[in-house]
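Trainee: Hi! Could you walk me through this structure?

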Amino acid sequence: MSTGYGRGRLSNVTAQEVVGGLLLALIGILILDLVRLLVTGELPLSRLWSFTWNGIVDSLYIGLAAIGLSMTYSILRFANFSHGDLVTTGAFSGWTVAYLVGGIGIADLSSRLLLRADGGAQPGSVGMDVLAAPVAIILGLVVAAIVTILVALAIDRLVYRQLRDAGGIPLLIASVGVALALRYLIAFVYTTDTRIVVASPPQPELSELVWLELPAFLAERTINLHEATLVIAALALILGVHLLLQYTKLGKSMRAMSDNKDLALITGIPTERVIFATWVIGSGLAGVAGYLIVLDRGQITINLGWFLLLLIFAAVILGGIGSIYGALAGSLVIGLTINLSLIWIPSDLNEIAAFTLMIIVLIFRPDGLFSGVETA
Amino acid sequence: MSDSEQTAESEAAATPHQAAESAESATERTGRGPVDDPILRVENLVKHFGGITAVDGANFQVERGSITGLIGPNGAGKSTTFNCITGVYDPNDGAVVFDGTDITGRDPHWVANQGLVRTFQIARELPEMTVLENMMLAPKNQLGESLWRSVVPIARREVVDQEEQLRERAWEMLEFFEIDHLAGEYAGNLSGGQRKLLELARALLTDPEMLLLDEPMAGVNPSLEKKLLSHVHELQERGYTFLLVEHDMDVIMNHCEHVIVMHQGTVLAEGDPADIKSNEEVIEAYLGGEI
Amino acid sequence: MSGSSKLDGENAGNSLNPLEETDLPQWASDLVLIAGIVVATYAMFAIIGLLTGVGLNETVGFMRLVTFFAAVYALVVLALNLHWGYTGMFNIGVAGFMAVGVYTMAFLTASPDGSPAGLGLPIPIGVVGGMIAAGLVGLVAALPALRVRADYFAIVTLGLSEIIRLALLSGSLRSVEVGDTEYGTGGGSGISYTPVDSVIPWLLERPIIGFAGDQLFALGDMVGIESSIIQSGLYTGVLLLFVVAFYLFLTRIAYSPFGRVLKAIREDELAARSLGKNTDRVKITVFVVGCALMGLAGILWMGSQSRVNPDSFMPIVTFYIFVALIVGGSGSNTGSIVGAFVFAAFLWQGPRFIRSIVRANVDVRAPQTIYDAGVELAAGDPLPLLGYVIGTLDELRFVLVGVVLIVLMIWKPDGLLGHRKELAAATDLSRRPTATDGGDTDE
């Protein structure tokens, strides 16, 4: 199979430099054009800010999912195509619990258990926003993580453990099987209908949330509390993962294993325990990501994670596979790409821009955009 | 084919200009070693990996028709040199000239088609192909390697005819190496030593002029090693040139006519085995680098 | 290994033939194998169908669908086998290359007055044009992607296939005005064009074929098979002819020095390069040829439809094809056909047949949710649950496909036909020089 011995007359270094240069030039031109648009007033500053903000929000949930994908890629050594469906698992399990708790005494069990598969239990009436039922929402978040972790561990035991030494491609193919089975088991229970499960987000003005005296332009700003919840939860989790990797023995073992599995084995790092931790952290974050996406977007569908998967892959690849900080940086690039590209291209082409970027990076900088930077 | 015939033939193949150039530089470099008719010249070869310099200005020549050994402590840059010669890596600086042709930085397949064929430290047999399929892959200029000739009926007739001739040669080669009883076996099922034999046999079917053997004796049991060495000598008599990287000093000292010692990416010493054995610098390098 | 060494000696001439017990050459025994599996499956479905009261028309219609899907899957799977099975190029962008073929064909043949408009060219030109376009896109994809790792290659091809689909779906390319005419992809609603299977009525108007066709319709009328089933059955027959052509073409490649280089690239590309093989050129050739075949397969697949839209080319289509290839055993053309058939009969259409059986025998009504079904089950009535299962069979089918894929990867990664020794050579390699005295070949 294709090995890394690639080189030819056009040596890799120059091809990389050429493509890197072209990309930089393109970005330069776009920035210049952006300045022009702002100066001429064709692009109001508020619109630029909203694109940027949406990009940051998107990059946070992509980032949460990307951490897990990057970890399984580097520690278990395969491209896990079922990762997107772990995101979906988190979304469905978490919101089921949120409905079960939040809707006690309001809606019937059937609608709550199956997330409105029968059309009952309106999100508004069940109180599905962070102010109406904060306990239910937070409980849902926790359960999303737990259920996804349990599902991932079960899958690992049933499938991936049997294939530990089979190599990347058989594992990749098996993960496609897992993705199909998992997604359509969810569909079997919850049906394939796309539906709204979250009430419209409370949007208080900033002055209602902060006791300090605020200047007028800030005080009247409204805050989407669901988006804010997503941002805060995601940032807290990312910080947590950072602390875990940097300051615990487990984190050090994981970093060692993602660098060199064989060496890690020789130095006596307990492989299976690290793999266990990988699934716990990776799938937990994926589950939370799925839950938060639904909180932000309001609607749920069984294709939620699958449609996101290629974007998550793009983020991981851009950041350089195996580096968690790279995956986060890659997520930021992808999030901003799909949103800022809207300045120039229609919204149904923005994913094309992201995928094209991913392919270019895969071919010309397979170690990621930030290779050479010290990573975890 | 006798030694002189082989030489004459390859001289004829090279353009007059290249032949002259190669002769000229051979006389220039007589100081570095007793090389009268170099088939391979490596000049100031440099290869970096990131911040590490694996080969740092290596210079040596290989005499046509000789068995030359390339030795050195671990990390001396022997394998990288091999990979630079055969086009697996693109050297950062320097030149590799094979039989009067500059092959620096050319693709591995191009180098192989010039008649410079290598084997690998860990044998790279094609595991899910049979031994015979492995062998049949090797010959150069196979008509059937073009898609349309393989498919179009009339053209395929020629392919089939050629296959029959190649099949004969493949069987002969297998018999020469006494692995013909394994012909139908998947190459992946062979023992380590048998794979080494297969790799050498396969390389020979490409009609090379020179063979680069990367640790041909590693993982080979003593009786097979003896057999392999006698094959190498027999092939040398037929006119082939060998350059081998080897860790087994007995093999180097007893079977090579000329030995090149690499250390820290450069050539530390070269000469006949007896000289090398008594060379203080070499002993120092080996002891310093823990043998 | 020690076993084979004992075979050395007097019967060396035969010892390499994996099928030495039979006198049939490999292609003939493969044909028997494929035919056997097909006939046994049909017989089984026919008996079960008739015994359980599904009815003749439904059973025959079912078999036609199985044959149709087996044929179209076989076409794509054979093309994919060239990429993945033989050369080890992990292409999971199959749907994208099919889309390029079908859309090009649609654009070339659609009526100039249509919306979006086409060029109104004859069908054969459309078909060839579609193949060329798919091959060209393959060329563009192959050039830079040659050197990346297998798993990266997978992601690159998947990304490309999604780019193609999203571009076809996009409103920006929906209609492009050139002169006075609106060309374009038609966005989500696609392009309508002359269906490829319109060649069947055309053929039936030709003198001899038309006569044979009349006999066939009369025969069908006698046993009670509707003429529409026969008509679409004839198109399936055309597809089967294409399967045979694909098979012959690819088998010729497989049994040739070219095929040998492909296998060598799959096994160890650097080894092949070190033996003087220009693997880049070979990989590009194979990728382009495979993509063109995928384009053709896509055209034939969609051939009975008069409209194409981007939803037919979701990435999941690629995964079905992979499952079919892996079921049969990648690396073998015979395995590809067996895999395509088994996939079509048991994984794809099989569950629907079960639904027909259940519906013919039990009066089931499907409750709206699994919760309702569970409640009634608790009350002692299992039928609603059965109804729910039957109603969600399309979803459960995906679960089945996924589970089969996992099970195969764990226990039978070589597929149903297992590890076959299909020697890549144009001659019978086992003939030793001493035994050879004349140019006889196994063609």
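Predicted model: local features only at pLDDT ≥ 70, side-chain atom pairs only at ≥ 80, totals over all residues.

Trainee: Thanks. How many helices and strands does chain C come to?
Mentor: Chain C has 19 helices and 4 strands. Its radius of gyration is 24 Å, close to the 22 Å that the globule rule gives for 443 residues, so chain C is as compact as a globular protein of that length.

Trainee: What does the C-alpha trace of chain C span along its principal axes?
Mentor: About 70 × 65 × 55 Å.

Trainee: And what share of the residues in chain C is buried?
Mentor: Buried residues account for 51% of the 443. As for contacts in chain C between residues at least 6 apart in sequence, 73% of them join residues at least 24 apart.

Trainee: Switching topic: how many residues of chain C are in contact with chain B?
Mentor: On the chain C side there are 43, and they contact 45 residues of chain B.

Trainee: Which helix gives the largest share of that side of chain C?
Mentor: That is α11(C), with 7 residues. The elements that each supply at least two residues there include α1 (2-6), α10 (227-254) and α13 (279-301) of chain C. By class, this side of chain C holds 18 nonpolar, 14 polar and 11 charged residues.

Trainee: Now chain B. What domains does the assignment give?
Mentor: Domain 1 covers 3-125 + 207-288, and domain 2 covers 126-189. Where they touch, domain 1 of chain B brings 4 residues and domain 2 of chain B brings 7. On the domain 1 side of that contact in chain B, 2 residues are polar, 2 are charged and none is nonpolar.

Trainee: How many residues are in the largest nonpolar core?
Mentor: That core has 332 residues, and Ala65(A), Ala314(A) and Tyr73(C) have the most contacts inside it. Helix α4 (residues 56-86) of chain C gives the most to this core, 20 residues.

Trainee: Where does the core lie relative to the two domains of chain B?
Mentor: Domain 1 (3-125 + 207-288) and domain 2 (126-189) of chain B both give residues to this core, so the core lies between them.

Trainee: Last one: what does Ala65(A) touch?
Mentor: Leaving out residues up to four places away in sequence, Ala65(A) touches His83(A), Val87(A), Leu285(A), Ala286(A), Ala289(A), Leu308(A) and Ile312(A).

Note on methods: Residues numbered from 1 in each chain as written. Chains lettered and ligands numbered in written order. Domains from an automatic or database assignment. Contact = placed C-beta atoms within 7 Å. Nonpolar A, V, L, I, M, F, W, Y, C, P; charged D, E, K, R; others polar. Core = buried A, V, L, I, M, F, W, Y, C linked by C-beta atoms within 7 Å. Buried ≥ 20, exposed ≤ 12 C-beta atoms within 10 Å, placed from the backbone. Rg over C-alpha atoms; globule rule 2.2 N^0.38 Å.
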